[in-house]
Amino acid sequence: EMCIRDRINTPIVKYGNYLYFGTWTGSAGGTYYQVNASNPRATKTYDYASGFYWAGAVKVGDYIYFGSDNGVLHYRSIADFKNTGSTVTLPATNGTAAGNVRSTVTADEAGNLYFTTQGGYLWCYTPDASGVPVHQWHVKLAATSTSAPTVVNDGSTISIYTGYYSGFSAGGVQVTTYAVGGTPTDASVATIASGFPVQCSILYSDGYVYFNTNSSTGAGYCYPASARNLNNEKYTWRTTTRTYALGGMACANGIIVFGNDHNELFVVK
């Protein structure tokens, strides 16, 4: 048992015997925690002025990576979490700032890091031999994003699924597709679904994407995973429209579940 000073505002992830999560307090910044699950009194912390908002961490090699609320990517040593590590500031593009990192960082099998920012970009960084994340590429999305990228590699093509939104009335889902070993451009980004705000990570399975929408008429949707003709786009199915559904879906044993702001849990078989 331990006491956390502020509100936990990110996913809690576990690697080895350590739990990682961050807090956010607004103007007072926030703290990222490395909690020893066997001995919570041995917890190590890392304070930062801008705080951590929905920004879940990922482990690659000997380092933990996570974003913060001012367009910065952080890396911290697992062995010396409090004292060893630094930050990388995301570059502006054509005068447009990268924006806050409010997505969890996703890593693929090769150790590449993927995340989105509220400036409306999807980013890829790769840690070097010292653990320092090095910029590889970024592409422009249709609008701001807090969606943790879902990366699918079929051996020849990489497809990265992300949600985007503009307030509580507009947005959708996009896919960035490019050849393995290649580099995407803005032209590599295509829209799968639109007409509703999507802030969650996208669930992919067998050629379909699943997600929920964060609007006053929020619902759960299933769409084909390929880009659509938006004048005739059709979802495969959707649930009853109810209310704001910010978090994403989970799937196990062929059953999909998600919740909304009316304390309702949807179960789709």
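Visitor: Is D69 buried or exposed?
Guide: D69 counts as buried, because its relative accessibility is 12%. Keep in mind that this is a predicted model.

Visitor: What does D69 form a salt bridge with?
Guide: The partner of D69 is R102, and the closest N and O atoms of the two are 2.7 Å apart. R102 counts as buried too, at 14% relative accessibility.

Visitor: Where do D69 and R102 lie?
Guide: D69 is in the loop between β6 (63-68) and β7 (72-77), while R102 is in the loop between β8 (85-89) and β9 (106-107). The pair therefore ties together parts that are 33 residues apart in sequence.

Visitor: What about accessibility for E264 and R242?
Guide: E264 counts as partly exposed at 23% relative accessibility. R242 counts as partly exposed at 39%.

Visitor: Changing topic: how many disulfides are there?
Guide: Zero, from a search of the whole structure. For C200, the nearest cysteine sulfur is that of C222, 13 Å away. For C222, the nearest is that of C251, 11 Å away.

Visitor: And are C200 and C222 buried or exposed?
Guide: C200 counts as buried, at 3% relative accessibility. C222 counts as buried at 2%.

Methods: Residues numbered from 1 in each chain as written. Predicted model: local features only at pLDDT ≥ 70, side-chain atom pairs only at ≥ 80, totals over all residues. Heavy atoms only, no water. Disulfide = S-S within 2.5 Å. Buried < 20%, exposed > 50% of the residue type's maximum accessible area, 1.4 Å probe, protein only. Salt bridge = Lys/Arg side-chain N within 4 Å of Asp/Glu carboxyl O. Helix = DSSP H or I, 4+ residues; strand = E, 2+ residues; numbered from the N terminus.
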